[in-house]
Amino acid sequence: MSDLLKTLDGAETAVWGLWGTAAGSTGAPGNLAALATSKQHGGAGVRMLVLRAADRTAGTLEFWTNTASSKVEDIRHDPLAELLFWLPETSEQVRARVTVTQRPGDRAIWDNLGAGSRKNYLRVS
């Protein structure tokens with residue numbers, strides 16, 4: 001990826017290529033991102049998310065979360081956030097400032113998740 005970073009267009013191509021390859025590919029570089037948000041009552045919050053889809057034409061990245069998670073309310077309060085992807089093979093990081101848009105879950109997606117993935121969305125109170 002480093003050679004492409006000599007120009008802004010090259011960097012954009014490299015990053016969207018990374019995201020396109022990483023989306024839905026467990027263990028691929030760029031598949032995990034840290035999402036940093038402002039907490040509703042002050043301070044910052046950060047958590048790891050799995051990149052599920054990337055659409056360069058639409059300019060969107062897709063992540064899933066448990067709707068009972070505190071980050072949902074934090075994002076409703078302030079949808080501006082930052083993503084950080086760490087690429088260990090090259091010791092590079094990719095940061096992106098984003099505006100988070102939330103949309104309702106899709107039952108068909110949930111039904112197709114394996115048990116291992118589903119447990120990541122459970123919340124114990």
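Two strands count as paired if DSSP finds at least two bridges between them. Helices (H or I, at least four residues) and strands (E, at least two) are DSSP runs, numbered from the N terminus.

This is a predicted model: local features need pLDDT of at least 70, side-chain atom pairs count only at pLDDT 80 or more, and totals for chains, interfaces and linings use all residues. Residue numbers start from 1 along each chain as its sequence is written, and side-chain values use heavy atoms, without hydrogens or water.

**Sheet.** Find L84; opposite stands R95 in β6. Now show the open sheet of four strands: β2-β1-β5-β6, antiparallel. β2 (44-50) and β6 (92-99) are the edges; each has a single partner strand, so one side of each lacks a neighbour in the sheet. Neighbouring strands are turned by 25° against each other on average, direction ignored.

**Helices.** Contact means heavy atoms within 4.5 Å. Axes are lines fitted to C-alpha atoms, for helices over the stretch in contact; angles run from 0 to 180 degrees between N-to-C directions. Select 8-22: helix α1 packs on the sheet, touching β5 and β6, at about 85° to β6. Next take 70-77: helix α2 packs on the sheet against β1 (32-38) and β2, at about 55° to β1.

**Core.** A nonpolar core joins buried (under 20% relative accessible area, 1.4 Å probe, protein chains only) Ala, Val, Leu, Ile, Met, Phe, Trp, Tyr and Cys residues through side-chain atoms within 4.5 Å. The largest has 17 residues; select L18, W19, L35, L51, L83, F85 and V94, those with the most contacts inside it. Its largest share, five residues, comes from α1.

Definitions and conventions: Buried means under 20% relative accessible area, exposed over 50%, partly exposed in between (1.4 Å probe, protein chains only).
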